[in-house]
Amino acid sequence: MTTTPPTLEYGPDDAATPDDESTDLLAVENLQVQFGTYDGPVRAVDGVSFSVEPGETVGIVGESGCGKSVTARSIVGLQEPGEVVGGTVHIDGVNVHEASDRTRRRLRGDTVSMVFQDPDQTLNPAFDVGEQIAESLKVHDQPERQRLLDYLHAPLFASRSDWRDHRKRAVELMAQVGIDDPADRVDDYPHEFSGGMRQRAGLAIALASDPDLLIADEPTTALDTTTQAQLLDRFRRLTDERNMATLLITHDLGVVADICDRVVVLYAGQVMETGPTDRVLAEPHHPYTRALLECRTSRAARKQRVPTIEGAVPDRLGEQPGCPFAPRCPAAVDTCQEGKPPTFERDDGTVRCREGVVFGESDDDGGPVLEYGCGETQCAREDSSTTSDTATATARSASPPPRPDDDTDPLVSLEGVSKRYQQAGGLLRRLLGTDRCLQAVDDVTLEIAAGETLGLVGESGSGKSTLADLVTGLETPTSGAVRFDGDPVGAAGTRTAATLHDVGVVFQNPRSSLNPRLPVAQVIAEPLYADGWEDQRRRDRVGELLESVGLSERHTERYPHELSGGQLQRVAIARAIALEPRLVVLDEPVSALDVSVQARVLNLLLELQRELELTYLLISHDLDVVEHVSDRVVVLSNGEVVEAGQTERVLAEPSHPETAALVEAVPRLEHSSQ
Amino acid sequence: MDTAPYLVHRFGTSLVVLAGVSVVTYGLLFLTPGDPAEVILSQQLDRQPSEAEIEAFRAEHGMDEPVPLQYADWLTDVLRGDLGTSYYSDASISALILDALPLTLELAAASVVVALALAIPTGVLSAVHRGTAIDRASQLGALVGVSMPNFWLGYLLILVFALTLGVFPVAGAGSYSQLVLPAVTLGTGMAAVLTRLVRSSMLDVLDEGYLDTARSKGLRERIVVYKHALRNALVPVVTILGVQLGALLNGAVVIEIVFQRPGLGMLLVDAVFERNYPVVQGITLFTAVAFVVTNLLVDLSYRYLDPRVELGGDPT
């Protein structure tokens with residue numbers, strides 16, 4: 001299974017080997033992991049080396065598909081997916097892949113813990129949260145006494161006092177990770193927890209073994225900004241208190257800037273660059289790192305195209321000579337395609353690139369090929385190729401889009417709209433009158449003018465999505481009126497085709513909003529079918545739509561699982577605009593996407609808006625996205641509008657504490673603000 | 001959260017089902033060819049009964065009243081626990097059922113134990129070692145088990161274990177050794193269905209992320225599989241088990257005859273052959289009630305297995 005490269009021979013459990021790296025808590029050397037596919041093995045991790053010292057926080061960044069998660073999982077020896085075919089991972093001097101099951105369990109119970117990405121997946125739905133934390137404590141205390149019947153709480157076989165004890169300590173841990181009323185919540189099941197709370201519980205499970213190394217795989221990606229900020233803060237405090245080393249896997253450079261000491265930039269399974277966070281983010285040496293930084297919306301002017309990295313992370317099938325990033329690299333020359341790029345050791349890290357491109361060696365314009373293409377040049381090229389200069393000029397000009405205070409009637413108006421949900425209260429509660437009632441949207445009045453983009457922001461649970469559902473007619477208000485173009489919006493089911501035309505919706509997760517059993521062409525054509533378009537016209541329209549969202553004919557017969565996240569979101573957008581709606585509701589349209597893909601989808605949305613004169617209602621927890629795209633912003637809190645106004649004004653000088661908190665919570669690269 | 005309204009609702013619907021069952025079972029009597037009074041008397045007397053004798057028999061068994069009234073009388077008796085008397089022995093049907101019931105329950109319980117003891121480990125192993133020889137062998141075993149008729153397996157087991165090896169008695173009831181062969185016979189068929197179900201259900205669960213959380217705690221793989229994965233895989237298994245309990249009674253009819261166990265199944269078959277309608281009626285009704293109650297219990301067990309299940313939600 002594991003073949004150790006000759007140069008890096010370590011004894012299996014030999015911590016005594018005198019070695020410079022013996023101080024490292026984690027040492028990954030030339031790690032290679034492959035997946036078996038029908039086309040042959042894919043090299044998911046291709047010779048990754050890095051180390052983590054005790055107490056240090058190291059970030060691994062890169063786009064999805066770069067092998068970040070696979071690396072993390074291989075470190076703790078989780079098999080699926082992939083097979084370790086080369087290299088070594090030493091934790092505390094122990095070779096993880098050559099260790100016995102028992103040693104590996106010891107490591108997991110004692111030295112290294114892991115926090116996973118998806119809050120819906122981390123906890124077992126069948127057991128209460130306390131049990132799951134208590135289990136972790138018990139493993140740590142008695143790693144060798146794991147009897148199935150004891151863990152199943154079988155009467156007579158389970159030591160009940162032990163479990164009671166561990167549960168008590170679980171409550172303490174829950175308090176430490178910031179779960180309120182831990183004594184009450186310890187008996188709750190995961191589905192009774194919010195996403196943020198579940199991630200905290202996952203953290204509690206990880207901390208239960210008092211690890212020296214915590215590996216966190218995108219722990220905050222699925223959370224809203226405020227929750228993310230709280231959790232990151234908690235991370236930082238706990239790792240400081242316990243002098244715990246952390247390996248943080250993320251695609252969010254803001255998060256890296258926030259808490260990491262050092263960064264490892266991964267691309268296509270290879271380490272492109274390593275170095276201290278401040279340096280890497282301020283003066284990236286590698287073109288890929290630089291491109292990643294450029295893609296951030298906060299770097300681009302409002303409503304302007306965000307620089308993107310064209311192309312996609314390649315599948316590493318078979319032998320591919322040269323640098324994997326070369327096809328997408330603006331600084332690539334012919335020699336990049338052949339031979340492996342050398343890795344330069346520097347005082348503070350490494351860069352894997354051809355000689356001469358390494359940035360920061362001399363002054364900014366010192367290097368031979370330093371004219372870096374991802375910034376201005378590429379923007380200009382893309383602009384001219386896709387939109388007319390006049391259109392760009394219009395958007396660029398300071399003239400604001402029509403505002404609701406103009407005389408024109410608003411496209412959408414909400415007057416005193418409220419939505420209440422009856423919560424499952426039960427007979428007793430109903431009799432006692434303590435019935436819980438969720439006020440999802442509370443007396444909201446707002447207008448959306450034709451042609452503008454209204455950004456809707458707020459923490460999760462603030463009523464953003466409910467408000468969107470009210471606008472689309474998926475929900476009907478408990479009181480108040482929602483009007484579209486002056487006419488009341490009824491429930492979606494009772495509306496005529498003509499009024500359904502006018503509104504398109506793009507949901508957050510295209511994998512769940514698109515039917516997995518229909519090919520792309522049919523997914524897009526669905527609204528056209530419903531509208532009774534005949535065959536030929538429908539087919540033409542699908543072709544047209546594919547083109548306008550930047551996909552081609554060859555995608556028509558593909559099924560959703562064959563497409564990447566960015567491509568799927570394009571399909572969803574094509575479906576939303578199929579019937580030429582006037583309003584498109586975008587519910588977190590880019591939050592499930594990588595930065596580079598996010599930039600491309602945002603560019604597409606801006607372009608479509610210009611071409612088709614669309615009105616957008618954009619819901620997002622990412623303030624950078626909202627700031628980039630929206631004309632006006634409405635801030636929701638507990639179902640109420642707490643602040644509304646021009647985007648620049650609201651985000652620059654928030655007048656409500658809720659808005660200020662949201663703005664504050666966004667992790668930023670300090671140095672990047674020019 | 002609160003199960004009380006759900007229980008009320010669920011009991012209500014169960015009652016409606018049972019009322020329907022009672023009407024249908026009572027109606028059985030009128031769907032049978034010939035005049036029951038005449039048929040029964042001719043069998044009892046072993047000659048063609050006279051008109052007067054038939055009239056007297058009808059009067060004695062309340063058969064001369066209008067049908068709805070007869071039904072009401074019958075139902076009142078049933079609710080009091082009186083299922084009537086057998087046409088032949090004048091024994092109370094309730095007593096007949098209660099006599100036969102323990103043997104059938106014993107068989108059913110033992111079969112379920114056999115079925116689960118076979119199906120869960122085999123299904124889990126099969127899923128964990130998916131695509132290996134273990135998996136293929138268990139799949140083949142399950143296929144054979146599903147395809148094999150119960151009674152045939154029963155005779156086969158008698159042939160091998162009772163007649164040739166002499167380890168278990170051929171037939172009869174009363175001792176544990178007499179329970180083994182019938183329970184194995186009946187349990188195997190059920191196990192075959194359940195094994196496949198446990199396997200497919202486990203395969204769904206084995207990809208879940210929370211198993212990695214469990215592994216990364218340092219738990220042994222055995223605990224990861226049999227605690228964390230199995231509990232989540234059991235929900236569909238329990239549903240089918242509930243339905244299978246009904247099938248178990250069908251199976252018991254055949255098995256009780258093969259092994260000559262005087263249980264409920266045998267009582268039913270005898271009653272059918274004798275056209276002993278009140279007995280048939282009583283057993284049918286009893287079985288229906290048992291079935292409804294079992295399914296109610298199965299539904300309630302979901303809540304334990306999967307806490308996300310909101311029992312009933314809003315009963316309206």
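Modeller: Let's begin with a term: a residue is buried when its relative accessible area is under 20%, exposed when over 50%, and partly exposed in between, using a 1.4 Å probe and protein chains only. This is a predicted model, where local features need pLDDT of at least 70, side-chain atom pairs count only at pLDDT 80 or more, and totals for chains, interfaces and linings use all residues. Residues are numbered from 1 along each chain as its sequence is written, chains are lettered from A, and side-chain values use heavy atoms, leaving out hydrogens and water.

Biologist: Thanks! Is Arg198(A) buried or exposed?

Modeller: Arg198(A) counts as buried because its relative accessible area is 15%.

Biologist: And which residue does Arg198(A) form a salt bridge with?

Modeller: The partner is Asp120(A), with the closest N and O atoms 2.6 Å apart. A salt bridge here is a side-chain nitrogen of Lys or Arg within 4 Å of a carboxyl oxygen of Asp or Glu. This pair links distant parts of the chain, since Arg198(A) sits in helix α8 and Asp120(A) in helix α3, 78 residues apart. Helices (H or I, at least four residues) and strands (E, at least two) are DSSP runs numbered from the N terminus.

Biologist: Is Asp120(A) buried or exposed?

Modeller: Asp120(A) is exposed, because its relative accessibility is 54%.

Biologist: What about Glu273(A), which residue does it form a salt bridge with?

Modeller: Glu273(A) pairs with Arg279(A), and their closest N and O atoms are 2.8 Å apart. Both Glu273(A) and Arg279(A) are buried.

Biologist: Nice. How many salt bridges are there over all chains?

Modeller: The rule gives 41.

Biologist: Changing topic: how many helices and strands does chain A have?

Modeller: Chain A has 25 helices and 22 strands. Of its 674 residues, 54% count as buried.

Biologist: Which residues touch the most other members of the largest nonpolar core?

Modeller: They are Ile133(A), Leu203(A), Val265(A), Tyr267(A) and Tyr288(A), in a core of 58 residues. Helix α8 of chain A (residues 195–207) gives the most to this core, with 7 residues. A nonpolar core is a set of buried Ala, Val, Leu, Ile, Met, Phe, Trp, Tyr and Cys residues joined through side-chain atoms within 4.5 Å.

Biologist: What does Leu203(A) touch?

Modeller: Leaving aside residues up to four places away in sequence, Leu203(A) touches Val115(A), Val177(A), Leu214(A), Phe235(A) and Leu238(A). Contact means heavy atoms within 4.5 Å.

Biologist: Now the interface. How many residues of chain A are in contact with chain B?

Modeller: There are 34 residues of chain A in contact with 25 residues of chain B. The area buried between the two chains is about 2,900 Å², and carbon and sulfur atoms give 59% of that. Buried area is the accessible area (1.4 Å probe) that two parts lose on being put together, summed over both.

Biologist: How many salt bridges are there between chain A and chain B?

Modeller: The count is 4. In one salt bridge, the side chains of Arg73(A) and Asp212(B) meet at 2.7 Å, N to O. On the side of chain A that touches chain B, the largest share comes from α4(A), with 5 residues.

Biologist: And within chain B, which residue does Arg80(B) meet in a salt bridge?

Modeller: Arg80(B) meets Asp77(B), at 3.4 Å from N to O. Arg80(B) counts as exposed because its relative accessibility is 64%, while Asp77(B), at 27%, is partly exposed.
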